[in-house]
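Trainee: I'd like to go through a structure with you, one question at a time. Could you show me the sequence and the model?

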Amino acid sequence: MEDHKIVQRNLALQREWYGEPLGDRVRRLVVAFDISQAFLADVLGISAPMLSQVMSGRRAKIGNPAVLARLIMLERKILVPDVAAGKKEALMRALEEVRSSRPSVTRDNLPVDIGRNDRVAVAALRRVAEANDLTAAATMLNGRFPELADLLRRAGQPQ
């Protein structure tokens, strides 16, 4: 297969697997944290050439789930007020927290939305129950079934 076709296929797979091309996600982090791509690679725990290949579509996926978890952690840190405001200390602290993290990634704790199935479940719950009932059920189940409680809580939130 030609290089161009491989890249296009890989970018399509990234859209399917990650919601958008990884290059877009990585570029947002580089801009938000005002760092180089090589520095970001170090924070994520991936080599700079590997990150470049993933960004350009020469590779389809990030093979190490801990690297993906750190990428998601950084995306979430952008929402922290001092980080969002661009305060240098907060930016560096967030980067260091992610760099030093050792996320254990399992089926139950990967910090990724489960996507379409999640949206279908939320929509189905909204069709059969009122928001306040969903929220009350979430409160009751939270101690023993936190994942189910989270789903119910999201279904009970206003659209």
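Predicted model: local features only at pLDDT ≥ 70, side-chain atom pairs only at ≥ 80, totals over all residues.

Trainee: Which residue forms a salt bridge with Arg-25?

Mentor: A salt bridge here is a side-chain nitrogen of Lys or Arg within 4 Å of a carboxyl oxygen of Asp or Glu. For Arg-25, the closest N and O atoms of the pair are 2.6 Å apart. The partner is Glu-75.

Trainee: And how many residues apart are Glu-75 and Arg-25?

Mentor: Helices are DSSP runs of H or I with at least four residues, strands are runs of E with at least two, and both are numbered from the N terminus. Glu-75 is in helix H5 and Arg-25 in helix H2, so to speak distant parts of the chain, and the pair links them across 50 residues.

Trainee: What is the N to O distance between Glu-20 and Arg-28?

Mentor: Glu-20 is partly exposed, at 21% relative accessible area. Arg-28 is partly exposed too, at 43%. Their side chains meet in a salt bridge, with an N to O distance of 2.3 Å.

Trainee: How far apart in sequence are the parts that Asp-34 and Lys-88 tie together?

Mentor: These two form a salt bridge, with the closest N and O atoms 3.7 Å apart. Lys-88 is partly exposed, with a relative accessible area of 47%. Asp-34 lies in the loop between H2 and H3 and Lys-88 in helix H7, so the parts they tie together are 54 residues apart in sequence.

Trainee: What is phi of Asp-34 near?

Mentor: Most residues other than glycine have a negative phi, and most peptide bonds are trans. Asp-34 is exposed, at 58% relative accessible area. Its phi is positive although the residue is not glycine, with a value near 55°.

Trainee: How many salt bridges does the structure hold?

Mentor: Side chains of opposite charge can pair when their charged atoms come close. Some bridges share partners, and in that way Asp-42, Glu-96 and Arg-99 are joined into one network. The number of salt bridges in the structure is 9.

Trainee: Which side chain of opposite charge is nearest to Arg-70?

Mentor: For charges, Lys and Arg count as positive and Asp and Glu as negative, while His and the chain ends are not counted. Arg-70 lies in helix H5, and this residue is buried yet has no salt bridge. Contact means heavy atoms within 4.5 Å, and leaving aside neighbours within four places in sequence, Arg-70 is in contact with residues including Val-43, Leu-44, Val-98 and Arg-99. The nearest side chain of opposite charge is 9.8 Å away, and that is Asp-42.

Trainee: Which residues touch the most other members of the largest nonpolar core?

Mentor: A nonpolar core is a set of buried Ala, Val, Leu, Ile, Met, Phe, Trp, Tyr and Cys residues joined through side-chain atoms within 4.5 Å. The largest one has 27 residues, and those touching the most other members are Val-26, Phe-33, Leu-40, Leu-44, Leu-51 and Leu-74.

Trainee: Which elements give two or more residues to this core?

Mentor: Take Leu-40, which touches residues including Val-26, Leu-51 and Leu-74, not counting residues up to four places away. The elements giving two or more residues are helices H2 (22-33), H3 (37-44), H4 (48-56), H5 (65-77) and H7 (88-100).

Trainee: How many helices and strands does the protein chain have?

Mentor: Buried residues make up 33% of the 159 residues in the protein chain. The C-alpha atoms fill a box of roughly 50 × 45 × 25 Å, taken along the principal axes. As for the count, the protein chain has 10 helices and 0 strands.

Terms used
Residues numbered from 1 in each chain as written. Heavy atoms only, no water. Buried < 20%, exposed > 50% of the residue type's maximum accessible area, 1.4 Å probe, protein only.
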